[in-house]
Amino acid sequence: MKIILLVLSFLFISSCSKISLGYKFGDWIISSKVRKFIRFQGQDLKRFDKVVDEHIAWHKEKVLPEVLKLNNSIISDIDKMDDKKVKDYFERIRNIYHKSVLTVIPKISPLLARINGIQLDRLTKKLYAGNERIEDQIKVRRDELIKEKKDQYLLNLKEWFGSVNEKQRETLDSVFNKLFINPKARLARRSVRIRNFLNCYDEENIGKRTSAIESVLIKNWSLSDRYSDWRKEFLSFMVKFLKDLDADQKQFFTDTLNNYQKEIKSIVSTLDN
């Protein structure tokens, strides 16, 4: 059920060039993505559309102002990024991310609890299709997979900073084996989550099934106070990466965030209209 929560959270349309379009056509984007997994019908479709509309409105009113404030702080601190600041910003981003998901869980759980057998079969197949993609990755040689993932990291960094200099590449090379998440571990974790979710449908009482679904989803998405080894390595890498930013990278990053800010402000301003 991760995909439904992701698209409903709406925080993830984060590209500067896409955020305005994302909010303008948000109901259509979300509905089309969710339909790939579940096709709500009748009154449940109307309820789902209502959940989408209310969540987009809530996100615009409550979350986007937080993102504006966060981005302004990051721009101000770009020359002062140390371990503490990077960890603090990472936590703030995680909190916004998870709040966006957790808020919609109580609203979507009753709809998920009422799906019929045909809808459940379709959902089950779609969920396990995601496992098949990870299983395909397991068959790829580790060094090839690491290179592919590292290239994705570099593309993401270039999207935000314009370039990656030689020293930053060396830093990434030195730690990437620790940042790389083995697909077998990802598959095991995902499989457990899918089983726990689907087990909720063994409960015949709709009320109890709704509670079970809500409980499982909240457990999956609630923040943990403990940092995983991956988070520690990622934060350590980002501290080193940011310390080695040159003037052009800082300007590119600042310009990117400022453009993002303009897009968000234009969306937030519509709340008064």
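Modeller: Gladly! A residue is called buried when its relative accessible area is under 20%, exposed when over 50%, and partly exposed in between, using a 1.4 Å probe and protein chains only. Helices are DSSP runs of H or I with at least four residues, strands are runs of E with at least two, and both are numbered from the N terminus. This is a predicted model, in which local features need pLDDT of at least 70 and side-chain atom pairs count only at pLDDT 80 or more, while totals for chains, interfaces and linings use all residues. Residues are numbered from 1 along each chain as its sequence is written, and side-chain values use heavy atoms, with hydrogens and water left out.

The protein chain has 13 helices and 0 strands. Of its 273 residues, 43% count as buried. Contact means heavy atoms within 4.5 Å; among contacts with a separation of 6 or more, 83% are between residues 24 or more positions apart.

Now for our spot, the aromatic rings. Rings of Phe, Tyr and Trp (its six-membered ring) pair if their centres lie within 6.5 Å; planes under 30 degrees apart count as stacked, over 60 as edge-to-face and the rest as tilted. A search of the whole structure finds 9 such aromatic pairs. Take Phe161 and Phe253: their ring centres are 4.8 Å apart and their planes meet at 15 degrees, so this pair is stacked. The pair joins distant parts of the chain, since Phe161 sits in helix 8 (residues 142-161) and Phe253 in helix 13 (residues 247-268), 92 residues apart. Phe161 is buried, at a relative accessible area of 6%, and Phe253 also counts as buried, at 10%. Both belong to a cluster that ring pairs build from Trp160, Phe161, Phe237, Phe241 and Phe253.

Two other places are worth a visit. Helix 5 (residues 83-102) has 20 residues, and its buried residues include Val86, Tyr89, Phe90, Arg94 and Ile96. Gln119, in helix 7 (residues 117-138), is buried as well, with a relative accessible area of 11%. Leaving aside neighbours within four places in sequence, Gln119 is in contact with Phe37, Ile38, Arg39, Phe40 and Gln41.

Conventions. Expected span 1.5 Å × (residues − 1).
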